[in-house]
Amino acid sequence: FNLDTTTTLSSRARRSTSIARDMSASQGFRRTAQSALRGAMAQGSSAGSRMSPTTAIGGAPFAARECNATPFGARSISLQAVQIRMKSVGNIQKITKAMKMVAASRLKGAETRAKQSRALVQPFVRLLGDTPAVEVEGETLVVPITSDKGLCGGINTTVVKYTKVLNEMNGGAAALDVIGEKARSQIARLFPKQINDVIVDTTKQPLTFATVCGIADTIMSKNAPKTHLIYNRFQSAIAFKPTVATILSNDELEKVAEEGVNAFDTYEIEGPDRSEFLLDLAEFKMGALLYNAMLENNTSELGSRMQSMESSSKNAGEMLNKLTLLYNRTRQAAITTELIEIISGASALEAKK
């Protein structure tokens, strides 16, 4: 080799070394920028503050503010928090779907029993009538019938509203025998001194006429001249009609029959005397009406719960879709910001040279 060739090789080696040194510095800067960005993002997420770096190393300005995912002045969104919220909403949706399926599976049998129980009530209505407006002497008894569990729409609230109206119609002094935990919790706040008895957990086992007769004996032991049963009458899976059924005592039934209000005197009666026969009719009417009222209200509860859980599942699905979109946008914004800062840092290093 001559001197010129040696000089040329030496200069090429120096240039190659300089290029390698610059490439190593650029890669080191990228790694430093990435680790600094991750640390700043973690710190901003834990503190709940918004991270928007505006300058690079060497004082070169960033162009990342216009590409930031969150608007200026807003807080950043933690991806972990969004993931936790998505998981909780998904679990709630599974629960509401399961509750809807359970209510739908029980609705058909409950509807059949409720319709069959109406055959017990119709003869009493034709014979003794339904006379809620009859004025009596003594304290009127109001029996609101509600469910023991919630998540079934507004059927329990409707019964409580009717109870308030009947209590006002009786001068605010009506006695109350409450059936159902949901009515007890609401009425206890409104009329704590007027509640006599509270009967709960009636639907844990299949309802039978014998069970209802025991409840009817408890209600009739008050010897109230007039008793109002308030319940929801089942019409369809999406329609329920608040209903008030009236039961008069045997003495009041005899007075009403003498006044010709009902059709009792149009029938020929054989067997016991009139007062004893009316006492039997009043007791049996109480049991039949209460049995029908509790079955009707239970069927309405299942139908209302099925509709409520369907709406809840739909709302949970919509919320889950929105959270998924928010999660994807936040993740993509974080990746975009990281890429912009790496490119901006490399550009600042080149500009500094």
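The buried residues of helix H3 are Ile155, Asn156, Val159, Val160, Thr163, Leu166 and Asn167. Buried means under 20% relative accessible area, exposed means over 50%, and partly exposed lies in between (1.4 Å probe, protein chains only). Seen down the axis of H3, these buried residues fall within an arc of 140 degrees, so they line one face of the helix. The arc is taken from the directions from the helix axis to the C-beta atoms. On the other side of H3, Lys161, Glu168 and Met169 are exposed.

This is a predicted model: local features need pLDDT of at least 70, side-chain atom pairs count only at pLDDT 80 or more, and totals for chains, interfaces and linings use all residues. Residues are numbered from 1 along each chain as its sequence is written, and side-chain values use heavy atoms, without hydrogens and water.

What covers the buried face? The cover of the buried residues of H3 includes strand S4 (226-236), strand S5 (239-248) and helix H7 (274-352). Contact here means heavy atoms within 4.5 Å. After H3 comes Gly171, with a positive phi near 75 degrees.

Now the aromatic rings. Rings of Phe, Tyr and Trp (its six-membered ring) pair if their centres lie within 6.5 Å; planes under 30 degrees apart count as stacked, over 60 as edge-to-face and the rest as tilted. The count comes to 4 aromatic pairs. The rings of Phe234 and Phe240 have centres 6.5 Å apart and planes at 40 degrees, so this pair is tilted.

| Residue | Relative accessible area | State |
|---|---|---|
| Phe234 | 3% | buried |
| Phe240 | 22% | partly exposed |

Ring pairs also link Phe124, Phe209, Phe284 and Tyr291 into a cluster.

Conventions
Helix = DSSP H or I, 4+ residues; strand = E, 2+ residues; numbered from the N terminus.
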